[in-house]
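Thanks for coming. I have a few local features to go through, so please look at the model on the screen first.

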Amino acid sequence: MGIFLGVAGDMKKRDLLRTRLRYGFDKSMAAGPIALIGWLAVASLLIIIAAAAFLAVTRIAPEGGEPLNFFEAFWESLMRTLDSGTMGGDTGWAFRLVMLFVTLAGIFVVSALIGVLSAGVDSKLDELRKGRSRVLESDHTIILNWSPSIFDVISELVIANASRRHPRIVVMANMDKVAMEDEIAAKVGRLGNTRIICRSGDPTDLYDLAIVNPQTSRSIIVLSPDGDDPDSQVIKTVLALANDPNRRTAPYNIAAEIRDGKNAEVARVVGGAEVQLVLADQLISRIVVHSSRQSGLSGVYSELLDFDGCEIYTTEQPDLTGKTFGEAVMAYEHCTLIGLCDQQGRVNLNPPSELVIGKDMRAIIIAEDDAASSWEAPGPRSKPRQSFAISLSRRSRSAR
């Protein structure tokens, strides 16, 4: 009885050891192509060492040749493992049989290695196609979600980026990366100096948001996607950006599109001062109504709302601190000051001339480019300022 129990215990230990070894092997195989290549290298090395030791012990040598020591036999076996044609000049049947075994084992190892490398390359290409690698850009513009308006947004950004060095636009949506790139290339056209980088992911997921690297972004645009409840997707995205535990300390510059005005208050509460809401449907309706009531107004809107020509900018102008609004209006040569914006975001267009500009106020300026919105010493107005008024006048007359 004791012998039986001892045998059963030994069998149990052997089974346990076999299970552990198999489990360790399975874990190493699951590590990917590198682990497979390592196992193939170990198998090939064992075969070469076994063949070299067998030749050195048995003193088997090519016909008419000297017996090989271990190192010479190791080298001969290695060459036949890497190149099966090496055994073509072997002589002597005993030596041929040993080298045939080594060559067949080498063919198996090399074939498996080629398969592993091919599978690894295909896997890497599939990973790149999915667009899941992290973006390492800085000062880039991020567009989240996919909608038919994304092509117009990218087109305007391309024009706005014409004066910048190495501008980047990063797009992330629940779409295939290659499909997004193909649609943008087909519908946007020439991108100038702007580069488009597409990534696949869920903009409401914190892990996916980290892929587009919002911490170093210049600005973030959250579009309203197609679907039954697009505003909830926009609000969730803004919530994820604003409450990310790994977010930067500096505030984000977020522009979010909201379809239903009833959801605007929730979006403002979620995003706080970091988000600027665009009530797309209401904005378009108001522009259409105003344009229908006053002839030529559509030309003025087109001039101000697109990046082709003059645009409206809000920018910090510390040199204006302490000056009155009337003095500040006369201080610009290549642009036009139309109002002020305080620290809380309240806009005051065409304020009284005697209003003193505080240090926390931002200037609202109409200029051809943000690089042209710089303060000048007071002086007579130059032609660039007159050309802006003439441009608006011409657009207004042509729209009539």
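Start with H166, which sits in the loop between α5 (150–160) and β2. Helices (H or I, at least four residues) and strands (E, at least two) are DSSP runs, numbered from the N terminus. This is a predicted model, where local features need pLDDT of at least 70, side-chain atom pairs count only at pLDDT 80 or more, and totals for chains, interfaces and linings use all residues. Residues are numbered from 1 along each chain as its sequence is written, and side-chain values use heavy atoms, with hydrogens and water left out.

H166 has a phi near 50°, positive in a residue other than glycine. Most residues other than glycine have a negative phi. H166 is exposed, at 58% relative accessible area; exposed means over 50%, buried under 20%, and partly exposed in between, with a 1.4 Å probe and protein chains only.

N213 also has a positive phi, near 55°. N213 lies in the loop between α7 (206–211) and β4 (219–222), and counts as buried at 5% relative accessibility.

Next, R168, in strand β2 (residues 168–173). Is R168 buried or exposed? Its relative accessibility is 17%, so R168 counts as buried. Beyond neighbours within four places in sequence, R168 contacts E137, H140, T141, N193, R195 and I197, contact being heavy atoms within 4.5 Å.

Last, a helix pair. In α8, I235, V238, L239 and A242 meet V266, A267, V270 and G271 of α9. By class, that contact has seven nonpolar residues, one polar and no charged; Ala, Val, Leu, Ile, Met, Phe, Trp, Tyr, Cys and Pro count as nonpolar, Asp, Glu, Lys and Arg as charged, and the others, Gly among them, as polar.
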